[in-house]
Amino acid sequence: MTQKDHKDVFKQMNNNTQDDQSLTAEELLAKLEENLGPRRQERGKKALSKRKSEEQKGFFKGFLSNKNPKKKSSFLGDSFQDDKALLEKEGNRAKGWFEKNHHEMAAESETDDLADQSLKSFGQTPSDSAAIQQTVAEGLTRESESESAGQPATKAKNDNQALVRGSFWLSLGNIVSRLLGAAFILPWLAMFGAAANQANALFSQGYNIYGILLSVATFGFPSAISKVMAQLIAKEDDDGLWSLTKQSLQIGTLLGICFAVLLYVAAPVLSNGNPNVVPVLHSLAPAVLVFPAMSMVRGVFQGHQLMHISALSEIVEQVGRIIYLLVATWVVLSHDGSNWTGAVVQATFAAFVGALFAIAVLAYGWVRYKKLIHPRKPLTGSLVYHREKKSGRGFFSLFTPDKAQSMVLSILKESWPFVIIGASTNLFLAVDQYSFFPLMKAFFHSSGDNLQVQFALFSANPNKLVMIVISFATSIAATALPILAAKKAAGDLAGLKQQLMATLQLTALVLLPSALGMYAIADVLYKFFYPIDDTAEAGIYLLQFSALLTIVMALFMLLAFVLQALSQGKVVMRAFGYGLLIKLVTQIPLIYLFQGMGALIATGLGLGWSLYQMLFYLFKAYDLSFAKMNKTLLLAYLSSGVMALIAYLTGKFSVHFLLGDSSKLGAGLATFLSVGVGAVVLLFLYKRFGLLRQVLNRGKVN
């Protein structure tokens, strides 16, 4: 007998009680058995809501425990009181049956009700294209449902842990990808020699446009698909899962074709008057072609909670890209040392090669977990499941979307602001890219080659290093966001406030030492990665400023994630809009006054104002206070400052007494010694002040 049978019978018994007041206990139980009989053959129907189940449970228990004969008589009739002995005997029997089965009933009711509520809530929570999209309210929704059913919160805690593990895998993939993305700089730029800065500037100009196009091309689809799939899994809708999987691949393929053609055709317009940029953009078109469909597949894996496959594909993608990039650059420059433009073209084409490596990993995961992705056997030689055909539905139609498509579209309506936020860094870089060159030519009549070097010094070179810090800080802090989103869904304002403070403290504990440490060793760090020539002094100066700017940029990205989890997309978009406007307005006078440094200052002013607005909203809406975080922030500043000072002194010691920083070997030795000694000092101070435990506890103070 299914649990639905039990619940339906109790519902009918509850509804018919007033009409059957004259029934004896024996007749009542006989009628109960009569109603249960035919329902034993019903399977697979949706369970009644938990609320009704609770009402029925309370009614039956109250009925069994009622010791007042008058109330029993008024409730079931005078004849029922006359059969009191029989009632107690048969009531104990019914009570034993109920206690034996009600836990199982509540479990199924909780699962089905969660799926129903989650489906109804789609479109109300914005989504993001980053790893953090998996953090929307699923964990604590289950916890609150379990608690209301009288169950332990173990299952809900496991769900939260699963969400945190998922965020960890996605964050790990992001961090490792960033580290690998920076690791290739040293050998790659060394091959170019004197043209290193120009090559890096050209590479960055192509990748800035590439990053924006990818954000628009995917448009939050992977996140939306993963969320809908998670709910279809809860509903055990295999047909819906497979249909959505096919449709995702179709959408990704269509978007890839459209944006790849757009990039290839519009390359001369997007080149900003630099003919060298055109072949670079052409070489990125194949990557744009396959990336949207690849992202959809990653969304499928994330929907099935297979985060490690998605993270592994990102890592392997970077490995494959770097291998091809280095080999192809060496081959091109070995044949013609002056053809640095051709080498850059091959380096950007490596994005497509890396995507092929990622597709191989995803294909392996598809085969490895085929029973999860498509649990029912398809027809021989076909990707289409044997399912009942629905009239009026073609192969795929956006004009008559089915239920799964409608849920995806609803999420996309809410997620579009976060597509822009996901590309915010690239948008600020694009402002620099399309304004710096014409403004510098107008103000100072600089040559094109000189401007390429200056662009590399303030934008391309420091950006590759500071993005490691930003990814590291935000990814670690983001592992706490599943709980944050869950507290919001459960209406636990006290817990939400505590988690907000914990997230901000965790970010400070990771971000401050990273940024101050980079500032302290910027001299040897820049010389280790970039050319040691007459431009190095200016590059070091700009890297130091960029290291401090990293604090603002990382906090901006983190608060955008936080407000997304709190369903405050309008706040984020308003703050970002004002920040971008400030950037645009101040860009011209600041470039005139400070050249490349002026562009960085304009970025700091714009993002700083956006950060202020978001912080102001959080502190006002959730009654946060820096006073409650003063101790943690003060100790974090103190520890980071001491660490930065010792790292700086270690670098100076290495340069003066071991190997000079006029060579890559000497600069590298000083860099590694400074990082190693600084890390040891920081760990010691964090442990001494009790901050290390906060990091391990995701920012919470014990």
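Q: What makes a set of grid points a pocket in this predicted model?
A: On a 1 Å grid over the protein atoms alone, a pocket is an open set of points where a 1.4 Å probe fits, with protein on both sides within 12 Å along at least five of seven lines. Its volume is the space filled by probe spheres set on the points, which are joined across faces, edges and corners. For the largest pocket that comes to about 1000 Å³. Among its 32 lining residues (an atom within 4 Å of a point), the closest to the centre include Phe-472 and Ser-514.

The model is predicted: local features need pLDDT of at least 70, side-chain atom pairs count only at pLDDT 80 or more, and totals for chains, interfaces and linings use all residues. Residues are numbered from 1 along each chain, and side-chain values use heavy atoms, without hydrogens and water.

Q: Which helix gives the most to the lining of the largest pocket?
A: α27 does, with nine residues. Helices are DSSP runs of H or I, at least four residues, numbered from the N terminus.

Q: Why is Ser-295 called buried?
A: Buried means under 20% relative accessible area (1.4 Å probe, protein chains only). Ser-295 has 7% relative accessibility, so Ser-295 counts as buried. Ser-295 lies in helix α13.

Q: What does Ser-295 touch, not counting residues up to four places away in sequence?
A: Contact means heavy atoms within 4.5 Å. Ser-295 touches Thr-218 and Pro-222 on that count.

Q: What makes a set of residues a nonpolar core?
A: The members are buried Ala, Val, Leu, Ile, Met, Phe, Trp, Tyr and Cys residues joined through side-chain atoms within 4.5 Å. The largest such core has 153 residues. Helix α23 supplies its largest share, 16 residues.

Terms used. Helices (H or I, at least four residues) and strands (E, at least two) are DSSP runs, numbered from the N terminus. Buried means under 20% relative accessible area, exposed over 50%, partly exposed in between (1.4 Å probe, protein chains only).
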